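Subject: Structure handover

Hello,

Here is the structure for your files. My notes on it follow below the entry.

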Amino acid sequence: MPDTEPLSTQRIALAIQYLGTHFHGWQRQPKERTVQEEIEKVLHSAHGRPVTLYGAGRTDAGVHAAAQVAHFDTASTVPPHKWAAVLNTHLPPDIAVRASAQVDSNWHARFSAAWRRYRYTLYTDPQPNLFVRPFAWHYYYAELDESLILAALQQLIGHYHLAAFHRSRSSRSHSWVEVQEAVCYRQGPFLYIEVQANGFLYGMMRLLVGLLVQVGRGQRTLADFKDLWANERREEVKYAAPACGLCLLRVGYPDSPFPPDIWFDTMPKFLLPGSTEPPTHENSSLTP
């Protein structure tokens, strides 16, 4: 009599990088190329049946990820740490799985996450640079004062209703966000904006950066910036920064399934002449 006992399943977590340039975002969509679909196609081939991949965040079209996290369930005999190599053998060159690991069956890439952190990069030199173009907004139209941008960002720290930075077509029922940290710093011609929060609204970072540029060039005062989001003047937030400058930097968990060198700061910064590495900005309680 054949053994009919079902195979035990394992939940596998993945740490994923992707270049968002040629993707229509993370989430699977009809007739569009997405990161989720590309990985699920390889999982389907490996299992002989459809396998659903659950991500920690849904990045928009053109947005990059340095350490996206996702999970799937499998009854395969492939060892958990081998899944990264199995996937990388068949994935396209603009996706890489840095590591794979087994997690508890109740662990969830999205719902177990305590925070997400995004970085936006602006390149302010008037001369174009082809090697910078895929990863930064080339903004040379006016000087940007990073101290004003930092002051505006500091106003956002806390638990606020940020409907002013919430695009339409979102399925989320509210606009409450807990911003845990927000910084702005310059390295030579590069201006970096980083925001860490428990979650992000649809289109939030790009709308926020578009408004912060107005603050940085003196077109909008700090008081007006705060009044705009505090009073939900969404109709005045009209411009979203280009997707190419935005990267999902990392996702934080109370007990991460991966060591820090896999996920903590894997997006290289551009260090041109005159640039120096800044001190660490993050709250020490949130770093590995």
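Q102 sits in strand β4. This is a predicted model, and in it Q102 has a relative accessible area of 45%, so the residue counts as partly exposed. Setting aside residues up to four places away in sequence, Q102 touches Q10, R11, I12 and P80. H159 is 57 residues from Q102 along the chain, and the C-alpha atoms of the two are separated by 33 Å.

Helix α1

Helix α1 covers residues 35-47. At 1.5 Å a residue, its 13 residues should span 18 Å; the end C-alpha atoms are 19 Å apart, which agrees. At the start of α1, T34 places a side-chain oxygen within 3.3 Å of the backbone nitrogen of E37. After the helix comes G48, with a positive phi near 75 degrees.

Which residues of α1 are buried? They are V35, Q36, E38, I39, E40, V42, L43 and H47.

Helix α3 (residues 146-154) packs with α4 at an angle of about 130 degrees, the axes being 8 Å apart. That angle makes α3 oblique to α4. The crossing of α3 past α4 is right-handed. On the α3 side the residues are L148, I149, A152 and L153, and they meet L208, L212, V215 and G216 in α4.

Helix α4 (residues 204-216) also packs with helix α5 (residues 222-230), here at an angle of about 155 degrees and with the axes 10 Å apart. Because angles over 145 degrees count as roughly antiparallel, α4 is roughly antiparallel to α5. α4 passes α5 in a right-handed crossing. From α4, the residues L208, L211, L212 and V215 meet L222, F225 and L228 in α5.

Positive phi values

Most residues other than glycine have a negative phi. K31 is not glycine, yet its phi is positive, near 65 degrees. K31 lies in the loop between β1 and α1, and at 87% relative accessibility it counts as exposed.

E232 is another residue other than glycine with a positive phi, near 55 degrees. Its place is in the loop between α5 and β10 (246-252). With a relative accessible area of 37%, E232 is partly exposed.

S175

Is S175 buried or exposed? At 7% relative accessibility, S175 counts as buried, because the cut-off for buried is under 20%. S175 lies in the loop between β7 (158-161) and β8 (176-187). Its side chain makes a polar contact of 2.7 Å with the side chain of H166. Leaving aside neighbours within four places in sequence, the contacts of S175 are Y160, H161, L162, A163, H166 and L201.

Regards

Methods
Residues numbered from 1 in each chain as written. Predicted model: local features only at pLDDT ≥ 70, side-chain atom pairs only at ≥ 80, totals over all residues. Heavy atoms only, no water. Helix = DSSP H or I, 4+ residues; strand = E, 2+ residues; numbered from the N terminus. Expected span 1.5 Å × (residues − 1). Buried < 20%, exposed > 50% of the residue type's maximum accessible area, 1.4 Å probe, protein only. Polar contact = N/O pair within 3.5 Å; in protein donor to acceptor, adjacent residues only side chain to side chain. Axes fitted to C-alpha atoms, helices over the stretch in contact; angles between N-to-C directions. Parallel < 35°, antiparallel > 145°, perpendicular 65-115°, else oblique. Left-handed = near helix turned anticlockwise from the far one by under 90°. Contact = heavy atoms within 4.5 Å.
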